[in-house]
Amino acid sequence: MKRERAVVPEAEFRSYYGRPVIKAPIWHEPHMPTYLYLGGMSGASSVMAIMARYTGHPTLARTARIAAAVGSAAGAGLLAAELGRPERFLNMLRLFKPTSPMSVGSWILAAQGGLSALAASSELTGILPLAGDAAVLATGLTGPLTATYTAVLVADTAVPAWHEAYRELPFLFAGSALASAGAVGMLAVPRAEAAPARVVAVTGAAVETVAGVVMERRLGLAGEPYRLGRAGRLMRAARVLTVGGAALAAVAGRGRALGVLSGLALTAGALCTRFGILEAGRVSAADPKYTVTPQRQRLDALAGPSAASPAERQPANPA
Amino acid sequence: MAERMGFFTDTSVCIGCKACEVACKEWNELPDDGFVFEATSYDNTGALGASTWRHVAFIEQTRAVRVDGHEEDVDRWLMSSDVCKHCTHAACLDVCPTGALFRTEFDTVVVQPDVCNGCGYCVPACPYGVIDRRQDDGRAWKCTMCYDRQLGGLEPACAKACPTDSIQFGPLDELRERAAARLAGLHADGHTEARLYGESPDDGVGGAGAFFLLLDEPEVYGLPPDPVVTTRDLPSMWRWAGAAAVSLAGAVAVAFLESRVRR
């Protein structure tokens, strides 16, 4: 019996009825991407709070302390809501497991949340100012880790768009975190005192943009999901908002409205980045070509050109 | 620790009866898969998942075969019962933050349902797409290689039910020897397309506790051709994240010091 051959799909690879090889991340919107934003904003705000405290920017210091505390507390809440069994949230601290970025991250977030809450409540109530200062200094360690561990969290998966990007993602996340924290500073602090927040925002936007460009260039096929469909639209919107927000931040010393506009644009840009990255991960997992093609190329390169006979390379799916 | 136990699934003798799927569901009291018509040959479960711990794949192929000196298109069916690989270096186990996933005395990888908090991290970590979270239940589930039966000295339900011994259970070393002999036999009979998958301790997951004899490339069966445990790059990932964290702190410091200079 003769049967029509299956049409070769656009990318030359074989699969089982086009089904995904790996499972897509089950993390939800808006929980996970919003947490990524909040964690970044909290972490970078902590460092801003320290520097503002010791360089004579009291209003900025106060704002950053509160932003750090609110960000990590709200972020932890979103993470708990994300669990299949939220009542077992504390199982996250059942052990410390270095091979699990989520375990390491849970401890980092617990420390960041506790310390930033202490720092913010001391600031607001005026009670135990020394303890508050000590806590804010300690967030100088937990803050940057809170902002960047999430890159390891997503990269330590089988999702090609995430795993292959493990070098650039931490810098992308760090830049996004700086831009987010700078934006909060610009939105909440009078412009006379917000100059450092503007510099932080512009620096962050630059780091995020450069890291994003480098990532998409280097990844090749694995980076395709960042350019296509909804993820592509989100990533492009993020780029426009971030670059535009940074341009506004550069001139925001001249007027309050410019600062507010810049802060809003940067915040929206940071959120678009985080939503775009989650979506790209989903797309990357759902299409088997992103999993199969690089692995097949790796094997073929190892086996040498003679190993693959043409008959074996025919598409095998039913017609 | 007892001997490392494993599965050798010889797909060349699989007849696609799905007795393994049914036996697995019966023994482990797994919920149904929703009675979906997949329109993919005789496959009605589609893929491994939270409630499908054995999945029989059906592939209908037409291949050019040399008959009496000329090429002729010949049809064949490939059938294969997929299962959790119980990797030597298991990503799901590595990334599980609660310790719900653990390695048993049989060197298999099992989820403790009373500990799992449904964080879902194991799901995208598995390079084979095996483990999944159950929607209504909120926890992650996968094949236990019938841990309970093994503790009682019994073989797993799927292997017990398999009528052709396509699914073989036993000490992994023994299974590897048996598989090598079977492969040599098939090659001698002219089935040069036969190959072992997951048997090598040198592969990206350090060798699978459940390995296969396949008659085509792994991706045709929905298996990744060259899976690598994601945590292999973890030290490098932390180094990059550390550098980014230091850069973040440095950038803020510079921003403040610079604006103080400018004032």
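A residue is termed buried if 20 or more other C-beta atoms, placed from the backbone, lie within 10 Å of its own, exposed if 12 or fewer do, and partly exposed in between. This is a predicted model: local features need pLDDT of at least 70 and side-chain atom pairs count only at pLDDT 80 or more, while totals for chains, interfaces and linings use all residues. Residues are numbered from 1 along each chain as its sequence is written, and chains are lettered from A and ligands numbered from 1 in the order in which they are written. Helices (H or I, at least four residues) and strands (E, at least two) are DSSP runs, numbered from the N terminus.

**Strand 10 and its sheet in chain B**

- In strand 10 of chain B, B:A210, B:F212 and B:L214 point one way, B:F211 and B:L213 point the other way, and all are buried.
- Strand 10 of chain B is largely enclosed by the rest of the structure, because five of its five residues are buried.
- Strand 1 (residues 5-10) and strand 10 (residues 210-214) of chain B run parallel and are joined by four bridges; within strand 10, B:A210 stands opposite B:F7, and B:F212 is the bridge partner of B:T9.
- Strand 9 and strand 10 of chain B pair over three bridges in the antiparallel sense, and B:Y197 stands opposite B:F212.

- Chain A has ten helices and zero strands, whereas chain B has seven helices and ten strands.
- The C-alpha trace of chain A spans about 85 × 50 × 30 Å along its principal axes; the corresponding box for chain B is roughly 90 × 50 × 40 Å.
- Of the 319 residues in chain A, 57% are buried; of the 263 residues in chain B, 51% are buried.
- Two residues are in contact if their C-beta atoms, placed from the backbone, lie within 7 Å.
- Among contacts in chain A with a separation of 6 or more, 77% involve residues 24 or more positions apart; in chain B, 61% of contacts between residues at least 6 apart join residues at least 24 apart.

**Helix 8 of chain A**

- Helix 8 (residues 229-251) of chain A has 23 residues and reaches 34 Å from its first C-alpha to its last, close to the 33 Å expected at 1.5 Å a residue; the expected span is 1.5 Å times one less than the number of residues.
- Buried residues of helix 8 of chain A include A:A231, A:L234, A:A238, A:L241 and A:G245.
- The buried residues of this helix pack against helix 6, helix 7 and helix 9 (256-286) of chain A.

**Contact between the chains**

- Chain A contributes 79 residues to the contact and chain B contributes 67 residues.
- Helix 4 of chain A gives the most to the side of chain A that touches chain B, with nine residues.
- That side of chain A has 48 nonpolar, 16 polar and 15 charged residues; Ala, Val, Leu, Ile, Met, Phe, Trp, Tyr, Cys and Pro count as nonpolar, Asp, Glu, Lys and Arg as charged, and the others, Gly among them, as polar.

**Nonpolar core**

- The largest nonpolar core has 183 residues, and those with the most contacts inside it include A:M48, A:A201 and B:C92; such a core is a set of buried Ala, Val, Leu, Ile, Met, Phe, Trp, Tyr and Cys residues joined through C-beta atoms within 7 Å.
- Not counting residues up to four places away in sequence, B:C92 touches B:L101, B:V109, B:C122, B:A125, B:C126 and B:I131.

**Backbone geometry**

- The peptide bond from A:E29 to A:P30 is cis, with omega near 0°, and A:P30 lies in the segment before helix 1 of chain A.
- B:M145 is not a glycine, yet has a positive phi of about 50°; B:M145 lies in the loop between strand 7 (140-141) and helix 4 (147-151) of chain B.
- B:M145 counts as buried because it has 27 C-beta neighbours inside 10 Å.

Key. Pairing = 2+ DSSP bridges.
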